[in-house]
Amino acid sequence: MSGIAKYVLSKNGSVSGSDLIKNDVTDELEKLGAKIFNEHKESNVLNADAVVVTSAVSVDNPEVLEAKRRGVDVFDRSKVLGDIISLYKNSVAIAGCHGKTTATAMISEILIEGGKDPTVFIGGDYVGAKRFRLGNSDVAVAEACEYKKNLLDIDAKIAVVLNLDNDHMDCYNGMKEMTETFRKFTEKSLAVLNADDLYLDKLFNSATVTFGIDRPATYTAKSIKYNGRGYSFSLCKHYRPIARINLQVFGWHNVYNALAACAVADLLGVSTRAVKRALEGFCGVKRRNEYLGEKYGVQYFADYAHHPSEIAATLSAYRQTGQRFFVVFQPHTYSRTKFLMGEFVNAFKDVDSLIIYKTYAAREDFDVDGSAEKLYENLKKEGCDCNYVYDIENLNALLSSLKGYDKALVLGAGDIYEIFNDCVLKK
């Protein structure tokens, strides 16, 4: 939402908006001239010509109801973003169940380094842009979210799909429907797809550009080696090496993100030298292996991973360091935890020590079968060394008792990040 707000402000439009909490994003918008309300109520929309909402906003939100009562148009965020992207001749939309923000950031940095001066809409903060960058060219880059099929509102010249997974099954009737949705997303665009993904080969056609490691692809990574911080690899196009890339970001999954970025860069005419400089200087995205600080002799890192596949990839990367670490995990939504309970248990059961924090419910009502307590109970049955805590006081007490660890990994997409920054590490 903040990216759209900044775009409108950059075009001398008038913007107001509401959020439940005051934060760095709302502070920045206020400095740019937006009027920010810290509650949702009818009077907030009295002077609005249009109201834009996220998918997380319910139909009975007082501002939505008041706007409709007054005859003011209410638009989904994805529709507005799609309309903006359609204004750009060379547009790129990045989709997939995991890695969108990082891949979008990588692509943006490459395009900036390559002199393409893109306009960028991104789902997270990173060095170089804070969710939005206004460029002065015909190139635009946007992260496309699959929740409620929002990505279908974005019609880009280049459509990137990083992967598919059984996420957001509260709004998809299985993987068949999700695959069909992504097929519609790519059918009018030049598709850039992960050749190694189990589901994406159903989307291939003769014009598809592919990237991968294990299967034949247009762009591949060979001679992959861990360099102490990330992975280095030989970037190949049609099996011919064209550059050696040394990533500074953690995890095998980032090799795939980098390959997707390399493919887009080549399609838009960015030199290999610029690609190499940008990727080797890329330091990652906020809440993706972000160092938070040290306490009790342990270094704390935050990661946004909240789906079992993301968690497994992050844990695998940390195990390769050879250091001892424990994990703090906050489940995100009851429906996801309930639907993927078995996968969560498999992902966590071999962790040396695990702390499960109370569920971040987001838009949902309590469901005991998808609760953090239920996940804790199932993990205990598997013999996992885990604890469940429901408040910050108990969390702090437990953290102070853990000994012999080098690092702590804080996982989740809810407010666990703010809890550690504001209530744990600052004390």
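I began with strand 20: five of its five residues are buried (under 20% relative accessible area, with exposed over 50% and partly exposed in between, 1.4 Å probe, protein chains only), so the strand is largely enclosed by the rest of the structure. I note that this is a predicted model, in which local features need pLDDT of at least 70 and side-chain atom pairs count only at pLDDT 80 or more, while totals for chains, interfaces and linings use all residues. Residues are numbered from 1 along each chain as its sequence is written, and side-chain values use heavy atoms, with hydrogens and water left out.

**Confidence**

I checked pLDDT, the predictor's confidence in each residue, from 0 to 100. The chain averages 92, and 98% of the residues score at least 70. Of the chain's elements, strand 5 has the highest mean pLDDT (98) and strand 7 (residues 129–133) the lowest (78). Helices (H or I, at least four residues) and strands (E, at least two) are DSSP runs, numbered from the N terminus.

**The sheet around strand 20**

I looked up which way the side chains of strand 20 point. Lys407, Leu409 and Leu411 point one way, Ala408 and Val410 the other, and all are buried. In a regular strand the side chains alternate between the two faces of the sheet.

Next I took the pairing, which needs at least two DSSP bridges between two strands. Strand 20 (residues 407–411) runs parallel to strand 17 (residues 325–329), over five bridges. Strand 16 is also parallel to strand 20, again joined by five bridges. Leucine 409 is the bridge partner of valine 327. Leucine 409 is also the bridge partner of phenylalanine 301.

For angles, axes are lines fitted to C-alpha atoms, for helices over the stretch in contact (heavy atoms within 4.5 Å), and values run from 0 to 180 degrees between N-to-C directions.

**Helix 6**

I listed the buried residues of helix 6: Met175, Met178, Thr179, Thr181, Phe182, Phe185 and Thr186. They fall within an arc of 160° (from the directions of the C-beta atoms off the helix axis), so they line one face of the helix. They pack against strand 5 (90–95), strand 9 (158–161) and strand 10 (190–194).

In helix 8 (residues 272–281), I found Ala274, Val275, Ala278 and Leu279 buried. Their arc is only 120°, which puts them on the same side of helix 8. Their cover includes helix 5, strand 14 (240–246) and helix 7 (253–267).

I followed helix 5 (residues 100–113) to threonine 104. Threonine 104 is buried, at a relative accessible area of 0%. Not counting residues up to four places away in sequence, threonine 104 touches Ile94, Phe121, Ile122, Val141, Ala142 and Glu143.
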